[in-house]
Amino acid sequence: MSSIPRTEQSTSSQGFRKTGEQAISQTPLHPRRRSRRIMVGSVPVGGGAPISVQSMTNTVTADINATLQQIAELAAAGCDIVRVAVPSQDDADALPIIAKKSPIPVIADIHFQSKYVFQAIDAGCAAVRVNPGNIRKFDQVGPEICKAATDAGISLRIGVNAGSLDKDIYARYGGPTPEALVASALKEAHMFEDVGFHDFKISVKHHDPVTTVQTYRLLASKGDWPLHLGVTEAGPSWQGTIKSCLAFGALLAEGIGDTIRVSLSAPPVEEVKVGCKILEYLGLRQRHFDIISCPSCGRAQVDVIELAKEVTEGLKDITAPIRVAVMGCIVNGPGEAREADLGVASGNGKGQIIIKGKVVQTVPEDQIVPTLLERAKEIAAQMDAKAAAEGETLPEAGPMVVPVTGRAS
């Protein structure tokens, strides 16, 4: 598919547009890299389409109810595309029901057995993840896979992880260097392109964020394929989050990347939460609830850590783009609270509740949290009502096109 040209961003104040329109999603930091567009079910990837968030179920795919329940939880958290593992025949047999009932596009993750690729395509999966290097007799079945995918109108994901690099390439480059990973990815890409298949995206994952950035930069310079970003085996939640933020932040700020998966040794929903927030804070997805809270320090006259935790927990289900400031002293508190939709400046056993820069109420310290929660829910309801009156819907999930004002295309 040809790439969709960059268009001038709307300066309209009408807000955000949903995925699927022929619009371009830009970060305020850098123009997006030009890439061709593919479709993963109803979700466009590449060609300037809004950057989607992916995750992978950790259930046994053959357990259909458990897998669909987890997919529903991922979708509710903001996941756009989900991948399910297919290591056995029982898993492959479950795909038709899962693909049909899933609220978001399903990618089948296939290794070793090419027959599962064809079953996944026949089952109605939106895409298939295949790694030619570990598909037996790929030279023989590759053209058949491409024909089946073309006939079904689905896309593929190919690519390499540092831990599964081809032995010959590993030896030639002396390890999983950026050059080695890109050489492997190009080899796979040419396998498909040589038989006329172009509806695929590429991933080149490494566990080290610096190597990841270098690798994707190099690959991005070699062609117009849509790129699936990931730091593989990133580690436990806190460590993996830091690695992913570093790598994705650097790449997305340069316009590189069309879909992302945060890989954590944690429940899949946590991957989605991190991915969505990365896009929100880069201006690539509409912001939902956000909290501003000051760090703990000797000036604080209240327990800011506990206040922030309680407010965050109390507003975790809010989807309106409300920003709440929880501040612990009078140094920065009033100013920060004025910049938020709602805030509190605390001290001397009380808190000043501030809405849109104006102090509207002073409450005792033990009433700060319930008062903030009540006020926040009121403001969120007003935002929802305003959006409904203007014919818009504040999204529960899904990538968004963020209009960039004052920028030439």
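Reader: Which residues form one aromatic cluster?

Author: Rings of Phe, Tyr and Trp (its six-membered ring) pair if their centres lie within 6.5 Å; planes under 30 degrees apart count as stacked, over 60 as edge-to-face and the rest as tilted. In this predicted model, Phe-192, Phe-197 and Phe-200 make up one aromatic cluster. The structure holds two aromatic pairs. One of them joins Phe-192 to Phe-197, tilted, with 6.2 Å centre to centre and 50° between the planes. Phe-192 also pairs with Phe-200, again tilted, at 5.8 Å centre to centre and 40° between the planes.

Reader: On what basis are such values computed?

Author: The model is predicted, and local features need pLDDT of at least 70, side-chain atom pairs count only at pLDDT 80 or more, while totals for chains, interfaces and linings use all residues. Residues are numbered from 1 along each chain as its sequence is written, and side-chain values use heavy atoms, with hydrogens and water left out.

Reader: Is Phe-200 buried or exposed?

Author: Buried means under 20% relative accessible area, exposed over 50%, and partly exposed in between (1.4 Å probe, protein chains only). Phe-200 has a relative accessible area of 0%, so it is buried. Phe-192 is likewise buried at 0%, and Phe-197 is buried at 3%.

Reader: Which charged end sits over the ring of Phe-200?

Author: A charge sits over a ring if NZ of Lys or CZ of Arg is within 6 Å of the ring centre and within 35 degrees of the ring normal. Here the charged end belongs to Arg-36, 5.2 Å from the centre of the Phe-200 ring.

Reader: Why is strand S6 largely enclosed by the rest of the structure?

Author: Helices (H or I, at least four residues) and strands (E, at least two) are DSSP runs, numbered from the N terminus. Strand S6 covers residues 106–112, and five of its seven residues are buried, so the strand is largely enclosed. Two strands pair if DSSP finds at least two bridges between them. S6 pairs with strand S5 (residues 81–85) in the parallel sense over four bridges, and Val-84 has Ala-108 in S6 as its bridge partner.
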